[in-house]
Amino acid sequence: MYKTMDATNWSTASSYCRQKQGNLVSIHNTIQNNILAQLQRNVTGFDAEFWLGAALSANGSWTWSDGTPFDYQQFQQSSEKGNDAVLDSRDRLWKIKGLSVARNFFCEALVLTTTAQPVTSQPVTSQPQLCLPVEQQPLYNCKNGWQYSPDTGYQYLVIYDTSSTKAQAACQAQGAQLASIHSQAENDFITGLCCENGCNFVGHDSTYGWYLTGGFKQNGSYQWIDGTPFDFQGDICDDEGNGSKLVVYNYDTNCHRHDCGRGIWGLWSSNPLVPPYVVCKKK
């Protein structure tokens, strides 16, 4: 990653980054968002807005100029019009701006090596992210992108802060479904997609860490939204037992929330809610 101190408009900034074989920065989780906000302060010595690679497409959806999935956002509610966005290091929120506004910017670029990489037809599972000791670990420290499980032959993706009523549509937009779970190994794999969080940390909806799956309880029986058989059942705690949506908890068992804890299932209310993690699954 490298920077420029010359404030300019979004198009000029994007062109400059491409000339350097890079792009304006894209952000895919809260950890990255916070790091970039702090980087702005460290580099300039003050809080300010700087350009992101986010651009509003002709169909009304936001995209990243580097072509990566737009799987995370921190837009501030605003009536301001524009097709581009900045990150404000003061509150770490994204603000929509017009094309002609001048702001500083950072470029990001891949570091390439000369070592040839083997070609494989299987999706590649990234290395686990570095997790802090659980009592120090906040939410949203998860593996980025699709993660392949050789035990199941499926890929899994974590999406942040998507309403439970829109979660299935978000997965379908990725060519996937909300995840179903058919073995203890699959349950463990999904649980391990994000670091276990401590008791002093909550998500943006003021809940501990947990994953929304494609499971639901209807007329006393469990089902998966993808239509696969309900042939495995994990341990279920009694917290939120009056709900209908099947979730997998990912917080420290020492938080003393009934019998809930990492890898344990629970049922959440069918009312609209914003889970910190939504898990998608595809072949």
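To count as a pair, rings of Phe, Tyr and Trp (for Trp, its six-membered ring) need their centres within 6.5 Å; planes under 30 degrees apart are called stacked, over 60 edge-to-face, and the rest tilted. Quick caveat: this is a predicted model, where local features need pLDDT of at least 70, side-chain atom pairs count only at pLDDT 80 or more, and totals for chains, interfaces and linings use all residues. Residues are numbered from 1 along each chain as its sequence is written, and side-chain values use heavy atoms, with hydrogens and water left out.

Let's start with Tyr-140 and Tyr-277. Their ring centres are 6.0 Å apart and the planes sit at 80°, so this pair is edge-to-face. Tyr-140 is in the loop between strand 7 (103–108) and strand 8 (147–149), while Tyr-277 is in strand 15 (residues 277–282), so the pair ties together parts 137 residues apart in sequence. Strands here are DSSP runs (E, at least two residues), numbered from the N terminus. Both tyrosines, Tyr-140 and Tyr-277, are buried, meaning under 20% relative accessible area with a 1.4 Å probe, protein chains only.

Next, Trp-210 and Trp-268: centres 4.6 Å apart, planes at 15°, so that one is stacked. Trp-210 belongs to strand 11 (residues 210–218) and Trp-268 to strand 14 (residues 265–268), 58 residues apart. Trp-210 and Trp-268 are buried too.

Ring pairs also build a cluster, and among its members are Trp-62, Phe-70, Tyr-140 and Tyr-277.

The charged end of Lys-283 sits over the ring of Tyr-154, 4.5 Å from its centre.

How values were computed. Helices (H or I, at least four residues) and strands (E, at least two) are DSSP runs, numbered from the N terminus. Buried means under 20% relative accessible area, exposed over 50%, partly exposed in between (1.4 Å probe, protein chains only). A charge sits over a ring if NZ of Lys or CZ of Arg is within 6 Å of the ring centre and within 35 degrees of the ring normal.
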